[in-house]
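Subject: Structure handover

Hi,

Here is the structure we talked about. Please open it first, then read my notes below.

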Amino acid sequence: MRARIAVLALLGALVLMPYLWMVAASVKPVSEIFRASLSIWPEQFAAAENYGKVLTRVPVLHYIWNGIVVCGGILLFQLLFAVPAGYALAKLRFPGRGIAFGAVMLGLLVPPHVPALPLYVAASGLGLLDSYTALIAPFTISAFAIFLFRQFFSALPDDLLHAARLDGMGEWSIVWRVVLPNAWPAATAFAIFSVVSHWNDLFWPLIVVQGHEHATPALGVLYFRSEEAGDDFGAMMAAAVLMTLPLVLAFLLAQRRFVEGIATTGLKG
Amino acid sequence: MTLPAGIAYLLLLLLPTLATVLLAFTDYELGAPALGWIGLDNFREMLADRGFGVSVRNTVVYVGLVTPVSILGGLGLALLVEAGVKGRAFFRAVFFLPVVSLTVAMAAAWQYLLHPTIGPVNAALRAMGVGTPFWLSSSDTVLLSLAAIGVWESIGFNMVLFMAGLTAIPRELYAAAEVDGARGGFDRFRLVTWPLLGPTTLFVLTISMIRSLRVFDTVAVLTQGGPNKASEVLLFTMYQQGFTYLRLGYSAAITLVFLAVVLALMWVQTRVLDKRVHYA
Amino acid sequence: APRIGRAQAPVSITVHYAQPFIYKESYDAIAAAFAKREPNIQVEFVTTPNYEEGMQLILRQQAAGRMPDLTYQGFNRLRLFAERGIAQDLMPMLTAEGDPAALGYAPNLLALSHFGGFQAGLAFAASNPVCFYNADLVRRAGGDPDRMPTDWDGHIALSRRIEALGDGTEGMFYRWMGDDWMFSALLFGHGGRMLTEDERDIGFAGREGLESLRLIDRMVKEGGMPNLTTDAAQQAFAAGKLGMMYWTTAVLRGAIQQVGRNFELRTGPMPIIDAEKGRLPTGGAAGMLTAKDPAKREAAWRFLRFSTSPEGTALMARNTGYIPMNQIAIDDPRWLGEFYRDNPLYTTAVKQVPISIPWYAFPGANSVRVTQVIVDNTARIVEQRATPEQVLPEMAAEVRRLLPRRGT
Amino acid sequence: MAGITISGVVRQFGATPVLQGVSLTVEPGEFMALVGPSGCGKTTLMRIIAGIETADAGEIVIGNRTVTRLRPAERDIAMVFQSYALYPHLTVRENIAVPLAMRRLSTPERMPLLGRLLPGTRAKRAAIGEEVVRAAAPLGLAALLDRRPGQLSGGQRQRVALARAIIRRPAAFLMDEPLSNLDAALRVQTRREIVDIHRAAGVATLYVTHDQAEALTMADKVAVMMGGELLQVASPEAIYADPADLRVAGFIGSPRINTLAAEADAAGRVTVAGLPAGLRTEARGTLTLALRPEALRPAPAGLPAVLEHLEFLGDGLLLHARHAPDGAPLIARLEPEAREGLQPGAALRLGFAPGRALLFGADGRRVATRADAALVAA
Amino acid sequence: MAGITISGVVRQFGATPVLQGVSLTVEPGEFMALVGPSGCGKTTLMRIIAGIETADAGEIVIGNRTVTRLRPAERDIAMVFQSYALYPHLTVRENIAVPLAMRRLSTPERMPLLGRLLPGTRAKRAAIGEEVVRAAAPLGLAALLDRRPGQLSGGQRQRVALARAIIRRPAAFLMDEPLSNLDAALRVQTRREIVDIHRAAGVATLYVTHDQAEALTMADKVAVMMGGELLQVASPEAIYADPADLRVAGFIGSPRINTLAAEADAAGRVTVAGLPAGLRTEARGTLTLALRPEALRPAPAGLPAVLEHLEFLGDGLLLHARHAPDGAPLIARLEPEAREGLQPGAALRLGFAPGRALLFGADGRRVATRADAALVAA
Ligand SMILES: Nc1ncnc2c1ncn2[C@@H]1O[C@H](COP(=O)(O)OP(=O)(O)OP(=O)(O)O)[C@@H](O)[C@H]1O
Ligand SMILES: Nc1ncnc2c1ncn2[C@@H]1O[C@H](COP(=O)(O)OP(=O)(O)OP(=O)(O)O)[C@@H](O)[C@H]1O
Ligand SMILES: [Mg+2]
Ligand SMILES: [Mg+2]
């Protein structure tokens, strides 16, 4: 057991290196960030300057709020659409099931860049640019989510669903009352994934967002990036730390859910 | 049941994709006043395009590196973290951190870590008296470096998925395995964990392959496909053709080929493997 | 001061610019000053993180049928907008206000954004390549930071000496990747051209092109130039591990910050190749009018005019470090004299303005692809996988294929 | 009142036929026990009636609705699953309440938070809660209501599954070995519980069990299934005392019925190993004589046998012997007091009353008999 | 030869005590049945012996090794799980082979491909294969060897679990209701199978069952557990005929033993509802008189009762009545022929031999008796 901790600690340190650097850089003056010496601790503490720059130039809280609205909205709709679809693909026989599953696999492969232009034109045509709707709508359907839920739902015992049907549950009730509560770890895993990827997404927000009103956290980090003039590393890392923080907190919370899931669903009853 | 999902899928994914894919048979360019129907010319050009060939090769290499390492690594981490109670929550968070990272910020960190002269990786290598490669700027090592970053990014996510899969295994089976004489962790793993993780593994495999096939961010931020296309991968080529060179028609043609090939691959995979991992 | 009439009705315009991190302060300052003069014109800014996104934004918005009224784009992108009929000819509006030269729009400045046979934009901010050097390293290597060598032979020799200092110290880095800008600096330095005068064939396939590639080859072979990425080079420089770095003056502000007090940073002119015919390319941004509605078009034009007036361009230069793009602002010390006295590192680029010519933009649909071909082929030399003699014809052939076919 | 009628149900798993044209009628209010060897298709039949499994052919009628194509929820059936199928994430209380909540509360009323705010929900929920307690108490679950299934023993889980089924009054009950994991005392008590519920509600019930005592004491009728076919459907007494088929006779009754090779001569006189059995029949040739263990007892005359050992049963004694002529095993069930004087290894004779002997033809079908001359009377 | 000794085992789940200091010894070669009401802790005890669950206190010795801290694999036991715990991905054949493969093959030999190439693996595998067939055949699994557990019926799964346990000769067998899902015929047959294996191997066996016939016929000794405590450990005969505790008497025997409130006067004469019971005792005051159903029969004199109904059992008849003075239920087990002349609703008297009456004190412990004067002899 001691060996386990040692191995984990070693691997953990390796994995954390970029993070360590990021946090260290966020409290260093720019002139100290790139130095041949490998010191983590700054000689001159520039946290106030870097973080101050971020806080004054970028409405951080507003961006984070936008991030919460957008990621929350996306997640909600994704679950709303994907959980029943995943259930149907896993447990129901219906004509066209094979095709539907093929469609999901296809959707999984389509890079987000592909439908972007038509979506952009459509959003623009509907006058939805620079709105929460434009940020949320294109991601409400997630092939990944459907695929994930299908995969995890197939592991549920069929008799459980049969019992539910006999108890008078319709398929919708089964999905929300039986299937989802017993697939908590999978749902949590997905939620983490979804929130993380949309919190960090740059591609689509860059296309539809113009200005501060609806900007997402990742855009806040991008503010300090410049290919031509060289990035303002200190501020950029400070922004990255600030924007990543809510995610880390959210993960720590979700993790508790996750553990609970492990403890209560033995799925043997 | 699937109706709302179906409609959303149609409107938000399928139709726009089809619209884009139709462009594959045109010479459409972003901002160009008109577009012409050119049949299969784009595909012909692709066959002759050195960049496309290199890009396919690089993508295969990248996927071949990242997928197995991140799956085995993720599984290993999941087992290791879940093996004991002590530090479980802590390490779960640690290994998951890279997943929540922002590519732009992390790219900067990696640039520094892998810096040929002032970076700590090479400093360590130097201390060990080993050669110090130009990680991201040499065509020999650039794919390897990107793959390492790819593994770093996805290993935590695979770990979480495997953890979710582990929870679905009935504890009773471990008890049975112990009584049947499974002497150590490895026996238990072979007899119970691995086979019962089958569906999860298939899922993680599919997802990892797709995610690594779709590698884009790190390439775009760190190497721009260079040096001399040594790190050019399919999606980057597609993006570059479509958005940097504005040749949306050609870019769509690449997408189409990409989709066709990968779909065939996935189809075979699920056909063959799905049967073998679900024990009704 | 420019003559600016009063607009009758209040009008609001959308102005796009890229790189908010660099430009935000200057645009905000300009907008504030502008608002005093034109209280009826409301300016709203839209930004993109870089020029490439900026170009895409306009093209996408054009597809969707809604564009900003005014956009500031990278010089080398203007030709594309001109050829696609998105840019508008500004000359009529300019001449309507008087003699352009008298307003500070010198012919060489106007040339920077003259494409497709018309004035596609007005230059706003410009840069040219300079040599950044670490005076401490130069000194330690036995050189004199105040009297740097003026030609490449001298720089390469110095680089070698710096590298000999050991401890992972590198001598020089010529920033050849990203686009063809720095390659054209060598080519123009030899007096060469990218394409022939009539733009029907390659202009770099001859002696000047070969010498340019050989020079890069020598930097690697003799000068010990390492194979770094741009970012890595900049970081190594900031860390005091790189003697000389050749790049745009636009990064100067960032470099000063990154270097801090780590060592003494200096800038110097690019080494001279051909003292007579040698030229340097110009980078930077120009404002381009896209508004269709007459009232908005008029308002957008006024903002563009103000931003490129001596007052506006001086505000820009102060807040960014770019070269001001109004001859009056350059010549009249009233605007920037004090600033350059206090910030001598910024003057190098200004001194190079007389030999600066437009950044060449290739014609046709494949203009951006051509630049990538040049970068990729340069990489072969830097990685020492091919000789300049092998690379040049192949590069020429590849570029030729990408040029628009005759008659089309 | 609804009955269940199954006609011509066929089901194959791959190439294996499991049900080969099963037809069965459970009258309204009838309690039918379904017995048969392990793997004969009982669970499959149940699942087809419930609509969980589809039949390859055949029809199901419940009440006077043909439900063959209906979904399980529309068939109005309650079922106890052999594998319990409890909801792992719900407490015992919630598990039992599900069927009522699903039927009595409207969709908005079932919403987690919103539901509480609707007028009337609270009252309805309280009513359900009371019924849950009423259903759970007699099954000994009162103290376990707030546990999750994972924290219960096997028998406790089974009782929860039972409570969940009996809490409502469906058109038909299907119970698949609902008591197999209960101890004898609890089983008797629960058996009574089920019978009472059945009497009170008069709901047609199909009940799979391996416990013959269960089948015989609880059921109005017993259906014996083997190899995917129904062999006999009759009252418990008839199934036991008057089996129509040798396989039924062999399956019902514990210890197993004794069988001996017999012969009917041209006159129809039955002999066993050459000795007259005191029976006459219409059949001729090779036959099988079957005798329940309780029909045999040591007697001065009868089947010659060698005593092997005695087995104590608490309320009785089993005498294990071998038929001397052909070594066939013979078991007799005796009173505990009969033990004295019986020595393993000793030869003895086992007599029976001819009226209690059953005779089967070569095809296994029952053959009528009448007494000839008593071989030995008990 | 190894025995099992458990001393002072305590186990709580949260605040609920499940085992409260259980001590038990299974002698080498002994077959011990463990019975008790559902949820009393039998499975928990089994799991603690197997090492799957940990005890809060107490010690386990198998053979002469203290195994309290050893892993299950090191304890050398075989177990049949109440929930079967079959490997869903392995065929029946592979499931049964696991315990042998785990012990006989080295880790490299067990590798999927590599293993085949190692010398000797093939021979070892072939030997295991033969043993699997030998263990599976008598359980009726021969035709199912290549199925997966998901394609089996409940009883079939249980038999696979059993085959997996009995395929090797461990130091001890633990079986948790291994036959609960089998039909009567198969159960008798499998019971014999298990007893034979036990005789041949002489391995100490702890066997949980709810079937009293099983406990009484198979076991050398029966342990009765209730509320986390062992009440009595004794031979089947003693448990049945000579229970030390009223709870044991009530638990063992089906139908349940009849109990009547009794009184001992100052002279030690026992009366039931004022009538003398024909017994004397040392105890005084309130007592409980218990009578097995087979000890009661209609007689000219005896307990006054009212006949309620008759229940047909196949090999017997249950007479349900109520004790006239206090309405206590009385059950008598009669021969099937005794039916005639018994009418529900009629008054009758139920007599018993005083020697078969059991007397318990107010604390539930057994009280010695001697015959006084026969109330009524049967
Ligand atoms: N994980 C748990 N948490 C809380 N209580 C538990 C848990 N597991 C078992 N119990 C309780 O412990 C008691 C003993 O359980 P156990 O499974 O040993 O019973 P058993 O005697 O095997 O019963 P059965 O005959 O019904 O299988 C039961 O009352 C059960 O509810
Ligand atoms: N999915 C399946 N694939 C193939 N065969 C199956 C499948 N399910 C059940 N069977 C077979 O069908 C037969 C009938 O199964 P069923 O579960 O109905 O038996 P049962 O009578 O309920 O037995 P038990 O009393 O053991 O529960 C069995 O032989 C079983 O092996
Ligand atoms: Mg069954
Ligand atoms: Mg149990």
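A residue is near a molecule or strand if one of its heavy atoms lies within 4 Å of it. With that cut-off, residues from chains D and E surround ligand 1, so the site is shared between chains.

Some housekeeping. This is a predicted model, where local features need pLDDT of at least 70 and side-chain atom pairs count only at pLDDT 80 or more, while totals for chains, interfaces and linings use all residues. Residues are numbered from 1 along each chain as its sequence is written, chains are lettered from A and ligands numbered from 1 in the order in which they are written, and side-chain values use heavy atoms, with hydrogens and water left out.

**Ligand 1**

There are 20 residues around ligand 1. D:Arg147, D:Ser153, D:Gly155, E:Thr43 and E:Thr44 come nearest. The side chain of D:Ser153 places an N or O atom 2.6 Å from an oxygen atom of ligand 1. For D:Gln156, a polar side-chain atom lies 2.7 Å from a ligand 1 oxygen atom. D:Gly154 uses a backbone N or O atom, 3.3 Å from an oxygen atom of ligand 1.

**Ligand 2**

Which chains surround ligand 2? Chains D and E do, so this site is shared between chains. A polar side-chain atom of D:Ser38 is 2.8 Å from an oxygen atom of ligand 2. From chain E, the side chain of E:Gln156 has an N or O atom 2.7 Å from a ligand 2 oxygen atom. A backbone N or O atom of E:Gln151 lies 3.1 Å from an oxygen atom of ligand 2.

**Chain contacts**

Contact means heavy atoms within 4.5 Å. Six pairs of chains are in contact, and chains A and B share the most contacts. Chains A and E do not touch; their nearest C-alpha atoms are 9 Å apart. Chains C and E do not touch either, with nearest C-alpha atoms 44 Å apart.

Have a look at both ligand sites when you can.

Best wishes

Key: Polar contact = N/O pair within 3.5 Å; in protein donor to acceptor, adjacent residues only side chain to side chain.
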